[in-house]
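Subject: Structure for your review

Dear colleague,

Please find below the sequence and structure that I am handing over to you. My findings follow directly after.

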Amino acid sequence: MSNPSHEAPEQIEEQLQTHTGDEDFVPGSASSGGREVYVDDLDDDSIHPDDVSAIRKSLLFYRVMAYVVGVLLVVLVCVGVPLKYLADDARVVTWTGVPHGWLYMILIISAVNVGRRVRWSWTRLILIALAGTVPFLSFVAEHYATKNVRAKLALVPRTDG
């Protein structure tokens with residue numbers, strides 16, 4: 001079974017031309033397992049093959065930051081806040097809240113870095129920023145952001161050499 005992310009550009013173009021229905025269809029991406037992937041903000045601007053490596057690196061950094069910020073927020077809200085108000089112990093709030101705040105700023109910078117490389121809309125970036133403030137939501141936002149970037153990268157023609 002072939003990996004859909006390694007399809008030739010001609011095959012992807014053929015899928016796009018023969019697909020009927022939703023105009024936001026993106027042929028099988030690396031994260032889709034061959035299923036149809038719908039992406040709401042793909043635009044006509046294409047990604048240059050030379051940018052793929054930098055996009056992958058910036059996506060990896062964004063993903064790491066999203067998980068770290070998400071874990072810190074979950075610990076802060078689910079452990080630290082109850083301990084602070086029920087047991088009068090603010091240590092967990094201090095030790096998770098401050099790092100969460102600083103790392104949240106790095107998360108925003110990393111999201112903007114990925115977003116400018118793959119041409120995300122400001123709406124998507126704002127939603128990603130807000131997701132870092134709601135427990136468990138940063139994991140969901142990271143999943144959809146990764147899915148979007150991988151779908152866009154699947155459309156980039158491969159260069160051999």
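Which residues have the most contacts inside the largest nonpolar core? In this predicted model, they are Tyr62, Leu107, Val118, Trp120, Val149 and Leu153, within a core of 23 residues. Helix 2 (52-86), helix 3 (91-118), helix 4 (122-131) and helix 5 (137-154) are the elements that each give two or more residues to this core. Helix 2 supplies the largest share, namely seven residues.

The packing of helix 2 against two of these partners may be of interest to you.

Helix 2 and helix 3 have axes 8 Å apart and pack at an angle of about 155°. Because angles over 145 degrees count as roughly antiparallel, helix 2 is roughly antiparallel to helix 3. The crossing of helix 2 with helix 3 is left-handed. Their contact comprises 26 nonpolar, seven polar and two charged residues.

With helix 5, helix 2 crosses at roughly 170°, and the two axes come within 9 Å. Helix 2 is therefore roughly antiparallel to helix 5 as well. On the helix 2 side, the residues in contact include Val52, Ile55, Arg56, Leu59 and Tyr62; on the helix 5 side, they include Ala145, Val149, Arg150 and Leu153. By class, this contact has 13 nonpolar, three polar and four charged residues.

Finally, Leu153 deserves a separate note. Apart from neighbours within four places in sequence, Leu153 is in contact with Ile47, Val52, Ile55 and Arg56.

With kind regards

Terms used. Residues numbered from 1 in each chain as written. Predicted model: local features only at pLDDT ≥ 70, side-chain atom pairs only at ≥ 80, totals over all residues. Heavy atoms only, no water. Core = buried A, V, L, I, M, F, W, Y, C linked by side-chain atoms within 4.5 Å. Buried < 20%, exposed > 50% of the residue type's maximum accessible area, 1.4 Å probe, protein only. Helix = DSSP H or I, 4+ residues; strand = E, 2+ residues; numbered from the N terminus. Contact = heavy atoms within 4.5 Å. Axes fitted to C-alpha atoms, helices over the stretch in contact; angles between N-to-C directions. Parallel < 35°, antiparallel > 145°, perpendicular 65-115°, else oblique. Left-handed = near helix turned anticlockwise from the far one by under 90°. Nonpolar A, V, L, I, M, F, W, Y, C, P; charged D, E, K, R; others polar.
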